[in-house]
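Visitor: I would like a close look at one part of this structure. Please take me through it slowly.

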Amino acid sequence: MKSKIKWAALGGLVLSFTSLLVHLFLARTSADLVQYTAITVFTEDLTPTLAIRKGPGFRKLWGNVKSLEPLHPYPNPRSTYPVAVEQNNGFIYAKISGSFEKIRNSIVDLVAISRLLNAALVIPEIQESARSKGISSKFKSFSYLFNEDQFIAALANDVTIVKSLPPILREARRRKEYQIFKPKSSASLKFYTSEVLPRLKKAKVIGLILTDGGCLQSVLPPSMAEYQRLRCRASFHALQFRPEIEALGKLMVERLRASGQPYLAYHPGLKRDALAYHGCAEIFQDVHTELIQYRRAQMIKQGIISEELSVDSHARKRNGSCPLMPEEVGLLLRAMGYPPRTRIYLAGSETFGGQRVMIPLRAMYTNLVDRTSLCSKQELANLVGPETPLTLDPYQLIPVKSANQLKEEWDKAGPRPRPLPPPPDRPIYRHEKEGWYGWIAEKDMEPEPSPNDQREQAHRLLWDALDYIVSVDAEVFFPGFDNDGSGPDFASLVMGHRLYEMASARTFRPNRKYLAELFNNTVDHLYYPPRNWTVSVREHLNKSLAEEGLLQESNLSKTMFFLSHPIPECSCSTVKATDIVHSGKNNNLHLLFEGQDECPKWMRQLRTQETNADEVDSQEDETDLDGQSESERYNGTDAIPSLEQDEEMDPDD
């Protein structure tokens, strides 16, 4: 009997050990194949109460802005617009450097300049994704991010675009026999017609080096409206990402909308360069303040900034020059009524300050995700492509010597007696160098970018492209910061694309100066603000969604960055401006539609059909609501968080 028990126990141990080995093997082999689907990311959303019904409460948070629904994209030529001729004045070869938004705006300006000078445009070279920066040999610089064939085909009737210079001119380029220009983003039309065009006709090729985020002034004369529409066609139709980026971006959108839920895209705008430019160092602490100040000092030496190094950052923030912090954005979304389970996509390849600054927002909205939450490591690696290994990191630890090597060195050393060797230094860990910028404590000069840094800079272009796709498709977009006309930035680019593609989509355009005053008024009760504060926030943000926010954006941003506000040149209206005047609607709406052309007949008919369908849905929703009790109306996605209850209990109300 005892022997049988022993054999049974032994068998159980063998089976348990075998099961453990199989489990470890499967876990190791499948680690890289894990797909981060929406089911694993948003587990707490999958409850029976989250029914897919789009009633008044849902439309209040996610629905389109009714007053902007007549606006539609219409970038087609509206006057005599001769196509590009083969007998052109020569070729334009350009090198572009900068961030994602600067690269995109520079390419769009290049298309307009090529049409203006009747020149053939050579596919531009993007410096951040050049082969020398360590990207995969599978791609050239432009095709690392964009679809070359689509770019050429979409603009075939506007500009002649070629993939390379003819052999003769290529040799001349290597010998540097043609003129090189470095235009600013505010370069005028006269500069190109009087200075560039004569040299182009003479040499048949010119070079442009673009580092300023563009090469042509934003606002053009009314007679040049066709060139503005060409900019829209280039940016919103021709500049498509390569198929792998498009496919992964659409897959991320599908995962965010799993189980029929909408999502909100949020771009913090916390970039080191922007913070340094606007003097926002003191809203951070410790090493981050030093990093911003060092970058600001560099900008002053380069002539980018003509101010003093040290400024009052808190005064700048009160003036609206600094970004909204993630904690403030969370409070604003709470005041608007977005539930704690709202899906929020965090866009932006760089969030200065790291995950620490995101902690308050994550506490308020647990479904805050980014690309690493929605994509597996393998999916992102496939996007990057095969890359050659780089040299060892200079900050990598020196390998520990074996006992035999140490003994051999001791035997080969000089005559005895010898002093004992000094104790080993404290090891320098990787995070102390890379994550916490250890060079600040060691030297005054920022070290040159390592090969790893250059490769990561190229990768950021891919991550920004994914974030761009997700942000443009979002039901709601909230910018933590946009440059308000001081140059191209990611949030303004997204806001302009959303305005062009579907003007009525919910895109917040907050006035940071006004919000800073509101936050200052309730600084002691941020998480339990009085009711009048919540009402003021809602009123302001709702106005920023509609015509008042658009007019403010037009006055601030369009003068420096056309793609942030591409209307009225690139849009049309299904209603006439005179009809709006006679309807007695507000003056802001009249100003917004004043310069709009009327949409073609087929577009107006389609709009009428959609309006009739919306009216039917609205009537059905109202009928359903009549038969519900007050407590049943706001279940599930229509539920407003307990902010109203907190306000009723607030002692300061």
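Visitor: Is the link of Cys 572 and Cys 599 right-handed or left-handed?

Guide: This is a predicted model. The link of Cys 572 and Cys 599 is right-handed, with 95° about the S-S bond. A disulfide is a covalent bond between the sulfur atoms of two cysteines. Here the S to S distance is 2.0 Å. Cys 572 sits in strand S13, while Cys 599 belongs to the loop between S14 and helix H27 (601-626), so the pair links distant parts of the chain, 27 residues apart. Both Cys 572 and Cys 599 are buried.

Now the strands around this link. S13 belongs to an open sheet of three strands, ordered S1-S13-S14, with mixed pairing. Strand S1 (71-73) and strand S14 (597-598) are at the edges and have a single partner strand each, so one side of each has no neighbour in the sheet. S1 and S13 (residues 571-573) run antiparallel and are joined by three bridges. In this pairing, Pro 73 stands opposite Ser 571 of S13.

Cys 570, in the loop between helix H24 (547-556) and S13, is tied to Cys 232 in helix H8 (residues 225-238), so the link joins parts 338 residues apart in sequence. The S to S distance is 1.9 Å. The torsion about this S-S bond is about 90°, so this disulfide is right-handed. Cys 232 and Cys 570 are both buried.

A search of the whole structure finds three disulfides. Counting bonded cysteines along the chain, their pattern is 1-4, 2-3, 5-6.

Terms used:
Residues numbered from 1 in each chain as written. Predicted model: local features only at pLDDT ≥ 70, side-chain atom pairs only at ≥ 80, totals over all residues. Heavy atoms only, no water. Pairing = 2+ DSSP bridges. Helix = DSSP H or I, 4+ residues; strand = E, 2+ residues; numbered from the N terminus. Disulfide = S-S within 2.5 Å. Buried < 20%, exposed > 50% of the residue type's maximum accessible area, 1.4 Å probe, protein only.
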